[in-house]
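Subject: Structure for you to look at

Hello,

Please find the structure below. My notes on it come after.

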Amino acid sequence: MNTLNEAPCHDPTRERLLQAALDVFADKGFRDATVREICARAEVNTASVNYYFRSKEALYSEVLGFAFREAHERYPDTLASDPGLPPETRLRHFIANFLARLLDETHLGRHGKLIAREIADPTAALDQVIETTMKPHCSILHEIVAALIGPGYSEADRHRLGLSVVGQCLMYRHSRSLIDRVYPEIIATPEEIEMTAEHIARFSIAALKHLRSAP
C-alpha cells in the first residue's frame with residue numbers, strides 16, 4: 001500500500017475509484033460510506049476495490065493520500081518552507097496557502113471536508129495523516145514562529161502560538177455557513193480570501209513581534 005505522500009501508478013479505473021471514494025467519504029465519512037456506493041459512482045464492478053486496494057480501510061488510506069497530494073500540488077508550501085526568506089514573508093505564504101486550501105470551492109474543497117470528518121471522527125488512518133502530512137506542516141510553522149519571537153520561549157509556548165495562527169484560519173472554515181450569512185463579502189471570492197489571509201498575517205506578525213520585544 002502506498003503511503004500518503006507517494007503517488008500511485010496511473011490507472012484509469014483506479015483513478016475513478018479514488019475520485020468517487022473521495023466524494024463519498026467526504027460526504028458520509030468512513031463509517032457510513034459503502035463500497036457499493038463508491039463503485040456505483042465510479043461505474044466499476046464492486047470487486048474492483050478488493051482488486052486495487054484489498055479493503056475499504058486500505059482504500060480510505062489511499063484516498064487521504066490522494067487528497068493531500070492534490071491539495072499540495074495546488075497550494076505548495078515552497079515559499080513558506082524557504083529558510084532564505086524573511087519569517088514575515090514565510091508566514092504570509094503559509095497563511096495564504098492554508099486558508100485558500102481550507103476555503104477552496106472547487107473539487108479540492110473535498111480535501112478539507114474529508115480531513116474535518118477524520119479529525120471529528122478519527123479512524124486508524126489519522127495517525128498516518130499526522131505523521132506524514134500534519135507534522136511536516138507544523139514543523140514549518142514552528143520554525144517561522146521561533147524566528148519571529150526569538151529566544152526565551154519554551155517549545156510549548158511556540159506550539160501554542162502556532163496553534164493560535166492556525167486557529168484563526170480554521171475559524172473561517174468551520175464557521176463558513178455563518179460568515180456567508182452575516183459577512184458574506186469577507187470570503188466571497190478568491191480576492192477576498194487573499195485579503196482575509198493578509199489580515200490574519202498582519203495580526204499574527206504584529207502579535208509575535210510584540211512578544212519578541214516584551215520584557
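The notes cover the first helix and then the aromatic rings.

This is a predicted model: local features need pLDDT of at least 70, side-chain atom pairs count only at pLDDT 80 or more, and totals for chains, interfaces and linings use all residues. Residues are numbered from 1 along each chain as its sequence is written, and side-chain values use heavy atoms, with hydrogens and water left out.

Helix α1 takes in residues 12-32 and spans only 26 Å between its end C-alpha atoms, whereas a straight helix of 21 residues would span 30 Å at 1.5 Å a residue. Helices here are DSSP runs of H or I with at least four residues, numbered from the N terminus. A kink of about 85° is centred on Ala26; the bend is the angle between axes fitted to the seven residues ending at a residue and the seven starting there.

Ala26 is among the buried residues of α1, as are Phe25 and Phe30 (buried means under 20% relative accessible area, exposed over 50%, partly exposed in between, with a 1.4 Å probe and protein chains only).

The whole structure has six aromatic pairs (ring centres within 6.5 Å; planes under 30 degrees apart are stacked, over 60 edge-to-face, the rest tilted; for Trp the six-membered ring is used). One of them joins Phe30 and Tyr60, tilted, at 5.0 Å centre to centre and 50° between the planes. Phe30 lies in α1 and Tyr60 in α4, 30 residues apart, and both are buried. Phe25, Phe30 and Tyr60 form one aromatic cluster.

Regards

Terms used. Helix = DSSP H or I, 4+ residues; strand = E, 2+ residues; numbered from the N terminus. Expected span 1.5 Å × (residues − 1).
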